[in-house]
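Let's walk through a structure together, one question at a time. Keep the sequence and the 3D view handy.

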Amino acid sequence: MTEKMIDEKLLEILGCPRCESRPALELRGEFLVCTECRYGYRIVEGIPHLLVEEAVSETEWKKELGERDA
């Protein structure tokens, strides 16, 4: 499961590359999601892909995770 693959200490220091203030990221399934702009970054084989050009909107990551609010 992805949640076990992301080290808690790493998660504490990562920040959103889209936002100037570098807000925290939260783990949501196979994504790290910005607590401010709500864009998501995929986690592929345990590695977060924190490239702005690969970020997906909240609608998209919720759709991929099968969340109803999408």
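Predicted model: local features only at pLDDT ≥ 70, side-chain atom pairs only at ≥ 80, totals over all residues.

Q: Is Arg-22 buried, partly exposed or exposed?
A: Buried would need under 20% relative accessible area, and exposed would need over 50%. Arg-22 comes out at 48%, so the label is partly exposed.

Q: Which backbone oxygens does the side chain of Arg-22 reach?
A: Start with the contacts: leaving out residues up to four places away in sequence, Arg-22 touches Gly-15, Cys-16 and Pro-17. Its side chain gets to the backbone oxygen of Pro-17 at 3.4 Å. The side chain of Arg-22 also reaches another one at 2.6 Å, the backbone oxygen of Cys-19.

Q: How far apart in space are Arg-22 and Leu-65?
A: Along the sequence, 43 residues separate Arg-22 and Leu-65. Going from C-alpha to C-alpha, the separation of Arg-22 and Leu-65 in space is 24 Å.

Q: How many salt bridges does the structure hold?
A: A pair counts when a side-chain nitrogen of Lys or Arg is within 4 Å of a carboxyl oxygen of Asp or Glu. For this structure, the number of salt bridges is five.

Q: Which residue forms a salt bridge with Arg-28?
A: The closest N and O atoms of the pair are 3.6 Å apart.

Q: Why does the salt bridge of Arg-38 and Glu-26 tie together separate parts?
A: The two side chains meet at 2.9 Å, N to O. Arg-38 sits in the loop between β2 (31-34) and β3 (40-44), while Glu-26 belongs to strand β1 (residues 25-28), so the parts being tied together are apart in sequence by twelve residues.

Q: Which elements does the pair of Arg-42 and Glu-64 link?
A: Arg-42 and Glu-64 form a salt bridge, with the closest N and O atoms 2.4 Å apart. The two residues are 22 residues apart, so we're looking at distant parts of the chain: strand β3 and helix α3 (residues 58-65).

Q: Which residues are linked in a network of salt bridges?
A: The network as a whole links Glu-26, Arg-28, Arg-38, Glu-58 and Lys-62.

How values were computed: Residues numbered from 1 in each chain as written. Heavy atoms only, no water. Helix = DSSP H or I, 4+ residues; strand = E, 2+ residues; numbered from the N terminus. Buried < 20%, exposed > 50% of the residue type's maximum accessible area, 1.4 Å probe, protein only. Contact = heavy atoms within 4.5 Å. Polar contact = N/O pair within 3.5 Å; in protein donor to acceptor, adjacent residues only side chain to side chain.
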